[in-house]
Amino acid sequence: MFRLLRKAKRYTLVMAVVVVFLFIIAMCSLMLPRLMASLIDVGITQGDNSYIIKVGMQMLGLSLISAICHIITNYFTAMSSMGFGRDLRSEVFEKITHFSLQQTDEFGTAALITRTASDVRAMQTLLQAGLSSVVSVPLNMIGGIIMALSMDVQLASVVVIAMPVMLAIIFINIKWVRPLFEAMRDKFDNVSRVLRENLSGVRVIRAFNTIDREHERFNKTNLEYTSANRQARHRMALINPATTIVISSATVAVYWFGQFRVLSGNMSVGDIMAFSQYVLQILGAVMGLQMVFNMIPNAMAAAGRLNQVLDSEPLIIDPKEPLTPDEGIHGHIRFENVTFRYPGAEKPVLENITFEALAGQTTAIIGGTGSGKSTIVSLIPRLYDIAEGAIYVDGVDVTQMAQSDLRSRIGFVTQKAQLFTGSVADNIRFGNIGASEDDITAAAQIAQADSFIRDMGEGYSSFVSQDATNLSGGQKQRVSIARVVAKRPEIYIFDDSFSAVDFKTDAALRKALREITGSAAVIIVAQRVSTIMDAERIVVIDEGKIVGQGSHEELMKTCIIYREIVNSQMGGEEAA
């Protein structure tokens, strides 16, 4: 936790200002009881109205100065804590963006969102409350103790007894509560996960009429979180009554023993009133410290979760001296005996994959569901690292290239069309931020998207909602394809990106693509044979292994599995 709080050191100057004003506030607080004692013993006892007015004005002046300093302190404290939260959130987000897909899956999307938002907010709140308490509490405690001792050493023993009791209560409670806050935050991750699944899968839920079941599932996770939260808060709630009893007992003890000091002539009534104010100030400072300590278990749990993210080094990193392909080589991909398994899997998803994709040619990958087609193409931009073998792009092993250099050469249309909130033009321009309006229009025309975009309310300026729920599946795929076309990469990867378009649009789209990808390498993962029949090379995958390579005609003669796929989709005569 303290390691995270040290990240606020860039706000040292602001914190120094806060310390100065907190010191002024503490001095004002320490002077007010003395003035009050003088007001009682001199002004009120002797009936000196002018003295009462004089001391009263001094007390009002100190109160005004204290109020102004409080306002300034709150402003700068909020400035530093908000800035700290902003910086910490940015650092966590930057770390997450460099995670491999494997690491993202291990943490879970809902957990990463919770850590970036809720956990950072817990640290931010602790800094905001702790910044003033860390300074003001010692000043008020030490100053109050000194003033109390200067007035009466014997009576100050009340404070000496009360303070350790209060501190013991606070520290025992922290140790008792922290595990519950850690469990509570894990339960909150589950609530976020279920809520996210329900919002993203609302169409499926309604289609299968499982709304009541999802309500039950959400209520179950929500009740688990509520129960953990309630248990933690119940334990935390014990602090206030316990510390209040200690403070009240100390105040009563001061008045009880103080009466004897007054009767013996060692102290005046005003001194007793001032002394009780110092006792309240000292124990009140401990109460303020207790409020911060109330936040510590929650912040410690949040800090632990944030440190898990910040301490995780990306599994996929750039080499110290990255290699750059020769200028004369563009759009060449080679797999050599590639074997890959997902983390925790017993069997590899891919085994001994070897093939080439050449510039100016279309290489198609086809196979049954779950055969590993999408996994193959996800290895090219190094979304995962392979276990064995090597993948070469433009003659260089992808592990020896800078990730930014590698991915700048690739245009990837993923299996699930992913668009972002904003305009249609912004989504097409996503891969090429400098694309002009003409470039965007040309890309949309090639992707067969221009007509439906113009039919939208504001054309290319039309709004795309979150998850593109205002577009159909085919429209999302075509905008995704236009995004890659606008980038004009040297390697085009289409991961089952034509499945949601009709045969006529599919044919027109592929024809338009051929005209602009003449010198580029094109890799198509497809389920439909009609999409890949014209490819120069077709790679047939079955259970993670290559069972055939060649043109359509060659595979019809040599590959039984390919022939079965073709016959199941097209029939024998049509396939021939």
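Let me begin with a nonpolar patch on the surface, formed by W256, F257, F260 and L263, which together have about 500 Å² of accessible area. Please keep in mind throughout that this is a predicted model. L263 belongs to helix α9. With a relative accessible area of 71%, L263 is exposed, because the threshold for that class is over 50%.

That brings me to helix α9 itself. The helix runs over residues 239-263, which is 25 residues. From its first C-alpha to its last, α9 reaches 36 Å, close to the 36 Å expected at 1.5 Å a residue. Which residues of α9 are buried? They are I239, T243, V246, I247, A250, T251, A253, V254, G258 and R261. After the helix comes G265, and the phi of G265 is positive, near 85°.

I turn next to positive phi values in residues other than glycine. One of these is Q448, with phi near 60°. Q448 is located in the loop that links α14, residues 437-446, to α15, residues 450-455. Is Q448 buried or partly exposed? Its relative accessible area is 24%, so Q448 counts as partly exposed.

D496 is another such residue, and here phi is near 50°. D496 sits in the loop between β9, residues 491-495, and α17, residues 503-516. The relative accessibility of D496 is 12%, and since buried means under 20%, D496 falls in the buried class.

Let me stay with strand β9 for a moment, as F494 has its place there. F494 has a relative accessibility of 1% and therefore counts as buried. What separation do we find between the C-alpha atoms of F494 and E458? These two residues are 36 residues apart along the chain, and their C-alpha atoms are separated by 28 Å.

D534, E536, E553 and E554 form a negative surface patch. E536 has 42% relative accessibility, so it is classed as partly exposed.

Thank you for your attention.

Terms used:
Residues numbered from 1 in each chain as written. Predicted model: local features only at pLDDT ≥ 70, side-chain atom pairs only at ≥ 80, totals over all residues. Heavy atoms only, no water. Patch = residues over 30% accessible without salt bridge, like charges linked within 9 Å, V, L, I, M, F, W, Y side chains within 5 Å. Areas by Shrake-Rupley, 256 points an atom, 1.4 Å probe, with all protein chains shown as cover. Salt bridge = Lys/Arg side-chain N within 4 Å of Asp/Glu carboxyl O. Lys, Arg positive; Asp, Glu negative; His and termini not counted. Charge placed at Lys NZ, Arg CZ, Asp CG, Glu CD. Buried < 20%, exposed > 50% of the residue type's maximum accessible area, 1.4 Å probe, protein only. Helix = DSSP H or I, 4+ residues; strand = E, 2+ residues; numbered from the N terminus. Expected span 1.5 Å × (residues − 1).
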